[in-house]
Structures are given as C-alpha cells and as structure tokens.
Amino acid sequence: MYDFFLYCHVIYIYVHYGFWKWAVCHGRRFFLSVLSDDFLYREYIREILKNLFYFHTLNIHTYDFRLCLGDDIWGLFWSGLSNPFVVIFSPFFSAKRAECVYWLICISQMYCAGLAFISYCYYKKRKGVTVVCGALFYLFSGYALLFYLRHYFFILPMIFLPIMLLGLEKIFDGEKPYIFIISVSASAIINFYFTYMLTIMLSIYGIFRLYNIYLRFGLKKALSLMLFCFLCYLVAIIIAAPILIPVFYKILTASRMNTDLIPDTGLFLFKANAIFDNILSFFIYYGKRGILPMLPGTFLIIALLIRKAKIFKSLWVFLFIAFLGLFTPFVGYLFNGGSNVTTRWMFIFPFLIAFAFVATSPCLVAISEKNTIYCLKAILFYTFIAILISIMVKNDSIKLNIHTLFSVILMLLTIFGLSWGKRRLSLLYREMFLLFVVVLSAVYNAGVTEFKVIGKSSRPYAPQSFIYERTVSSSNAAMEYIDPPTENNFFRVDTSLDSSFINSGGLFKHYGLAGYRSLMNSVFTTSQLELENRRVFFLWRLDGLDQRASIMSLASVKYFISSKLHNTTAIPFGFNKIKEINLSDRNYDIYQNEYFLPLGYTYENYLTAKKYKDLPVLNKQEAQLQSVILEERLGGRFQENHNLELISKSLPYKISGMKNLIWAGNVLNMQENRAIMTLEFDTPVHTSEIYLRLRGFKEVPPFIKAHNALTIKLDMRSNIDNKYIFLPRHKHQVYFPRENYLINLGNYKQKTNIQCKVIISRKNTFKLDDIQVYAQPMDNYPAQINKLREDVLENIYVGNDKVSGTISLKKNKILCLSIPYSKGWHAKVDGKKTELLKANSLFMALPLEAGDHKIELEYHVPGFRLGLCFFALGAVILSGMIIHDKKKKKPMKENGALPPVQE
C-alpha cells in the first residue's frame, strides 16, 4: 500500500506540477463570468464564516442584486458555490488571485478523481502500478484535459462516478450503503446536471450487476437488492432536497430550458463526416472534436478486450453503449435531459478505457508469445487503416501521420519492451516500464491538447491575472469612485459598453445591468427581446439596456460610466458628467442621471400585456413611461389607459453605398468577405434618440462555419462608437429566438447627417426583410419621468432578502418596484399579505389605494421549505437504516471483482 501511494504521488507531482506551472504562468483567458462568480463565492463564504464564528449566528442571504439586475444565488449552487473545493480555497485568496484559485481547484479535483478511480479498482481486487497507469488514462483523456481548462465543475463527475460505482458494489455485496448514499447526495447538492448523467450510468451498471446476481442467487435476491438500491438512491436525493428542489425551480424558470435542439439529421445518426471524425479523433489523431481523444495506445486496449471478450462481457456492453454515442445523437440527447445533443457525457469514455486497461494489464505485463503476435497484427491493422485515412484526409494528413507515428511507436515499444522484459525483469520492473510508457503518452496528450486544440479554438493565452488587470482598468473599476449603494440608498450603475466584462459588478460591490448565467431568470432576456434590445446575446446572457434613457431610468440606473474615447452622442439623454478619472492610463467619465427613478415609483394607470405586445417596438418604450404593463386587468379602482401619446416617428434614409453586397427582395447576398452597406439620413432638429431597426435579419444555410455567433458591426461616421449585433449560427439559433434588432445609434440634440455603415465580416447569404430608421423625440420624457416620481417609495431599507419602505398617496396608484419579478418575493402592505404583479415584463408592482402605507418585501427561496421537509423525511429514513444496520449482515460470496485473466 505504501509503495502504491508513493508511486501515485510521484506521478501526480511530476505530471500535474509541470502542467499546472505552465497553466498558471500562461493562464487561459477564461470567461470573466467564472472569475467574478469565484469572487462572489468568496464573499458569500466569508460572510457565512464571519457570522458563524464572530457573531455566532447562521445568517445566509439568498438574493443578491449584483446578479444581473438581481437574482437568486441558488442558481450558483450548481456552478460552484456548494463545491467543497471552492469552499476550501476561495475564502483565503483575494480577487487578484482568483486565477490561481481556479487552477488550484482544477488540479485538486483532478487529483481526487484519480484517487476515486484507484479506490474503485482496489475494491475490484486490482492493485499495484497498473492501477496508477489506469488513473493516468482516466485523467489525461481529451475530455479531462479540455474541460479542465474550461470550467472546474466539468471534472466533478470524474470524481463521483468511481465513488458511486464503489458504493453500489458495496450494496450488492451486502455491505453498508453509506458510501453510495453520501456520494449521490453530495453529487446532487454540488451539481444536479452531472448527477442526472451519473444516474443513467448507475442504472445501466446496476442492471448488469443485478443480472449477474440473478444468475447466481436467484430472482428474489436480485429484486430485493434492486429495491434496496432504489431506496438508498431516493434517500440520498431527498437529503439533498433543500438545495436540489430550489435549483430545479430555477431550471423550470430559466429561458434556455424551454428550448429543444435536435440536429438537422435527427436523433438516429450523425452525418457521415461527423461519425468519421468521431472515430478518427478517438483512436488516431486530434481532429475537430477535441474532447474525444484517448491516450495513444487505446487501440491496443480495445484489441486485447476483443481477444478476451468472453471474460469481459459486461465491460464490452458498456463500451458498446458508449460507442453508440459516437454514431447516434440520441445518446447525447438522452444524457442531456432531452434539451439538446451534448458531448459532456463523455467523461464515461475515459473511465471505461482506463478500467479496461486495468482489466487487461495482466495480458501485457505477463505477455505470452500468442498475445505478442496478436498485438503486432493489431498494430499492423491500425497502421494500415491510418495510412488509408491519411490518403483520404488531405488537409490534415501531416498532423494525422505525426499522431499515428507516435501511437505506433508507443504501442511497439510497449509490446517489445514487455515481451523482452518477461524473460529478464521481475514483475515490478515490467510494471514500472509500463508506467513509463503511460506517463510518456499522458505528457504527450497534455501537450497536444494544450497547444493544438485549446490554443487554436480558445481565446489567446495571456499572463497570470490578465483578466483581473483588464477588469480593474476598465470602466467597471470606475465604480469604486462612486459611493456604493447602502441599505437606505438603492441604485444601479451601467457600464455595459464594456460588453466583455459581464458579471463584473460583483467585483466592485455595485448593482449593474449585465449578466451571464445558464440558470438566469427568464424575465431578463424575454423582457428585452420584446424591446428588440441588441444586447440580448442568447437566452442566458444580457449585456445591458443599450443605453436607452427611458428603460435605464425605469430600471433605477443612477450612474453611467463611459470611456473618454466614446462620443457624447453615446451618452444617454439626461445623464450629466460629474467626474473624470484615470485608470491605468485610460480616462473615464462618470455621468449622473438627472431623471433617476428610485426603487419604487408610481403609475396612475396601467396597460394590459396583450395590448402592449401589439404595439410597434419603439412605442413599447413610450408606453412604459405612461402606463405600467400588467398581465391582467385590475378592478374598477384602477384606470386602464386607452389613450397613449406616441410620438416616435420613422425617418427617411437612402442607401448611399453597397460594397461586396447585393440586396434583392429579402435576400442579402455577400460577394466577398467584409461587405459594407452605407445608410445616410438626417436626424430631427429637436433632441431625439435615433434607432436603426433590422427586420427579419437572419443568416440562412448553407453556413460557412458553424460558429456560435456572427458579429455585425455598425460604424457611424458622426459617432466613433461602434455597435455590434450577434447573429446565431447553425444549431444555436434555437437559443436566440429573434430576427429583429433595434439598435440605439445615440442621442442627437440637433439636426445631423449620419452615415451608418453596416459591416459584415464573413461571406454568406442572409435574409433581410427591411431596414428602418426611427427617431424617439425626448420632448415629453422629462415630464413623464417627473410624473412617475411624484409619489415614490421613501424610507427605503434593502437588507438581506428584505426590502421595505413607506409611501403616501393622495389617490389610487400602482407602485412599480424595480426588482426583477420572481415567485420568491412575497409582499405585505400594512401588515397584510398582498400579491405581487408582474410589471413592464421585468419588474414587480403593487396596486395601492390612497393613504399612507408601509411596504414590506421578503424573499423566500422557492422550494426551499419543501426541500427541508423532504430532508427531515430522508434523515428519519437514514436513521432507521443505521439502527437496522447494527445487526451485521453476512456479505454475499461474490463481490463483483474482475475475473482472473489467464494467459
């Protein structure tokens, strides 16, 4: 045992330290959302620890206004907040060291995944150096290395899979079920997404093991074990219910969960070229699908499994099911819960290959003459196929030949080295030689994945703390020059011109507008899609409100931060400069909103959502200034608005230039890369916001490249600010349900001639029904805002999951609260429970009668109390199981160990 763990540490220190050192020094520019989320985790955990050890109270807030416009932090549990590695490391590092913490978490998880695999092999009666080799096969596959650099939660299933299987084996052997229950419960708490995938894998595994038990011990024993396993799984899930149920609620209310993405070819088969690329990447070289490649020599393992097929029947079945995923999209569709076809389930592949290596290792370390000849024939066949494919694949033939040559040399080295060593070396030295070959292939795999796959497909590499330094020198950092919101002073800050720094508000303790999260509240994006806001990038990403003055005021935006490089026309109407600052040789201006609306403001009348949706898009903005938008009609005490004053108007324009572009009917056809359409028009004499609308704008097949999005740039000659819109491409269009874009070109105070250039970088064909230019006069805007703030919420208090204030009304009005609508918020008016209404498609409202009122809001995580009830039930059942287990059970004779391999 001592020797084994010594080997394990030597391998991990040698390989991981070198890889980690390179990664930290040249850290990948991973998404800022990960960095800022890690900072939020740090703050939450520190707050809990401070309350617990300093104030001796367990006070945990569950709602945070730094998450986009405000959201439930329960959505962070699945991405890292409940991850024990995050809890251990994050509180003890500053935000500047967030990248180091990121790599530390990744490497710690990889290390634990290896130990979990080793533990499973030990239970299956496999020990020694070959198990260390199997762990390296497990950890240095394409899946592990690629996702290792994307987000640390992708490594979690690699930890839980071996532990869950070990726990399941213990149940089948009549031992205590606590490892199984704890692992399933922990997985469900830390990450529900992979728990679902692991459940499918456990079910398949359990079916085969139960079948073997049925053959040996009869149907009664198999059925009783099946029911007991189900009971243990159920207990584990309901113990995790306080976290799991609220997260499920977040899933049901998240925008992206309403999508169903099925490939054009259906769920039966991938396209022929995709299947070819899958198989090719798996065995021979690193193609488009970087998550598939196993270590060189995997083909040799498969060949040995074929030779020993009668001994390893169950393992063959698992590999067959996994290989189906390379041919049919249905496997990925099933493992992803039926929403789209994903490759994230492929952590199962390295586990199966690694375990197959451990299972067949006796054939290698004590290789016979027959097996030597068989393996050489397999290598010859492999070489023939590789050469044949190299002839077919012209573009990548050099790369393919290099990888093939390395694999062939490695397999030949393994066979000849072990065959020669069988007669001259002891078993330990042969195993050490095998370890050397596996380490060599692991280092090779890490290097190729890092430099060839990640380096080309991801953003450029950068020095350590690059993202942090960029963030603290951006307009986001200028927030520090504004006094942060307090319990009695609520406001938001817009810095969304820096679109690449989404989620960064968490770094500066301010409330912003932008957010990027898989489980983001759906009202953020759906409300802005109604307004055709260009800054909605997919259903789970909002980059701001496009500097639209009215929408910003309704969202309680008090400050706007802009770079000195931006033209004054990019500054929203009503924002006046109050401060100039310099950060890292970059100059920024801070503007204050003259027409700021507080957390609660009032309307005299309302408009139903049905009528609101029938309005032209620009009129919807005007409508929100005059009437609150409600889903249903109110009683007679509140007046419905039937006479909206709509003054936005269309502007005439001309197309003064078309370069590399032909627009005929509704088809926009590019002749070359970088096509330009130039529009020319005059703005009105009076102050107006100018909008360009692209109606029915969409890329159509055939797609040149299946990128997630295509950037369309708009360049205004009178305004040096560029505007960007993103078009979804190929399969991702289902996550971007729009064809209309309303783009704010700026705020113009006098008549100006504008030449706007629509620049498309990549050649393709588009559908474009119409181009429209609109002016939104700001003449009525000051009066409309002043009317809304005649009666506002006063004495405001914003605390942990609580908001309160007072208001005095001379007549019946509707109080609009600029808090995103959620079922978790509960209201009391003068101590009486009152239903909160959805307002303006985004916020919340309370109809109030004339008089003085005290408003109290409290946030309760939807499903949390129900989860506590389930937790209590699970605790009772688990206690009963522990009491029952005091009577020792006789273990079954057969424990599922690997059968001995005879030469």
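Where is Asp546 found? Asp546 lies in the loop between β5 and α22 (549–554). This is a predicted model, in which local features need pLDDT of at least 70, side-chain atom pairs count only at pLDDT 80 or more, and totals for chains, interfaces and linings use all residues. Residues are numbered from 1 along each chain as its sequence is written, and side-chain values use heavy atoms, with hydrogens and water left out. Helices (H or I, at least four residues) and strands (E, at least two) are DSSP runs, numbered from the N terminus.

**Positive phi in loops**

- Most residues other than glycine have a negative phi.
- Asp546 has a positive phi, near 60°, and is a residue other than glycine.
- Asp546 counts as buried (under 20% relative accessible area; exposed is over 50%, partly exposed in between; 1.4 Å probe, protein chains only), because its relative accessibility is 0%.
- Gln547 also has a positive phi, near 55°.
- Gln547 sits in the loop between β5 and α22.
- Its relative accessibility is 2%, so Gln547 counts as buried.
- Glu532 follows α21 and has a positive phi, near 55°.
- The loop that holds Glu532 runs between α21 and β5 (541–542).
- At 9% relative accessibility, Glu532 counts as buried.
- Contact means heavy atoms within 4.5 Å. Leaving out residues up to four places away in sequence, Glu532 touches Arg548, Val617, Arg693, Arg738, Asn740, Tyr741 and Leu742.

**Helix α21**

- How many residues of helix α21 (residues 522–530) are buried? The count is 7 of the 9, so the helix is largely enclosed by the rest of the structure.
- The buried residues in α21 are Ser522, Val523, Phe524, Thr525, Ser527, Gln528 and Glu530.

**The mixed sheet**

- An open sheet is formed by 4 strands in the order β3-β6-β8-β7, with mixed pairing.
- Its edge strands are β3 (492–494) and β7 (575–583), and each pairs on one side only.
- Neighbouring strands of this sheet are turned by 25° against each other on average, direction ignored. Axes are lines fitted to C-alpha atoms, for helices over the stretch in contact, and angles run from 0 to 180 degrees between N-to-C directions.
- Two strands pair if DSSP finds at least two bridges between them.
- β3 and β6 run parallel and are joined by 3 bridges. Arg492 has Val557 in β6 as its bridge partner.
- β6 and β8 run antiparallel, with 5 bridges. Ile561 has Ile590 in β8 as its bridge partner.
- β7 and strand β8 (residues 586–593) run antiparallel, with 8 bridges. Leu583 stands opposite Arg586 in β8.
- Strand β6 (residues 557–563) has 7 of its 7 residues buried, so it is largely enclosed by the rest of the structure.

**The antiparallel sheet**

- Another open sheet has 4 strands in the order β15-β16-β24-β19, and its pairing is antiparallel.
- β15 (661–664) and β19 (698–699) are the edge strands, each pairing on one side only.
- Strand β16 (residues 667–670) and strand β24 (residues 765–767) run antiparallel and are joined by 3 bridges.
- Val667 stands opposite Lys767 in β24.

**Helix pair α10 and α11**

- Two packed helices are described by the angle between their axes and the distance between the axes.
- Helix α10 (residues 219–239) packs against helix α11 (residues 241–253) at an angle of about 75°, with the axes 5 Å apart.
- α10 and α11 are therefore roughly perpendicular to each other. Angles from 65 to 115 degrees count as roughly perpendicular, under 35 as roughly parallel, over 145 as roughly antiparallel and the rest as oblique.
- Ile237, Ile238 and Ile239 in α10 meet Ala241, Pro242 and Leu244 in α11.
- By class, this contact of α10 with α11 has 6 nonpolar, no polar and no charged residues. Ala, Val, Leu, Ile, Met, Phe, Trp, Tyr, Cys and Pro count as nonpolar, Asp, Glu, Lys and Arg as charged, and the others, Gly among them, as polar.

**Cysteines**

- A disulfide is a pair of cysteine sulfur atoms within 2.5 Å. By this rule the count is 0 disulfides.
- Cys133 counts as buried, at 0% relative accessibility.
- Cys756 counts as buried, at 1% relative accessibility.
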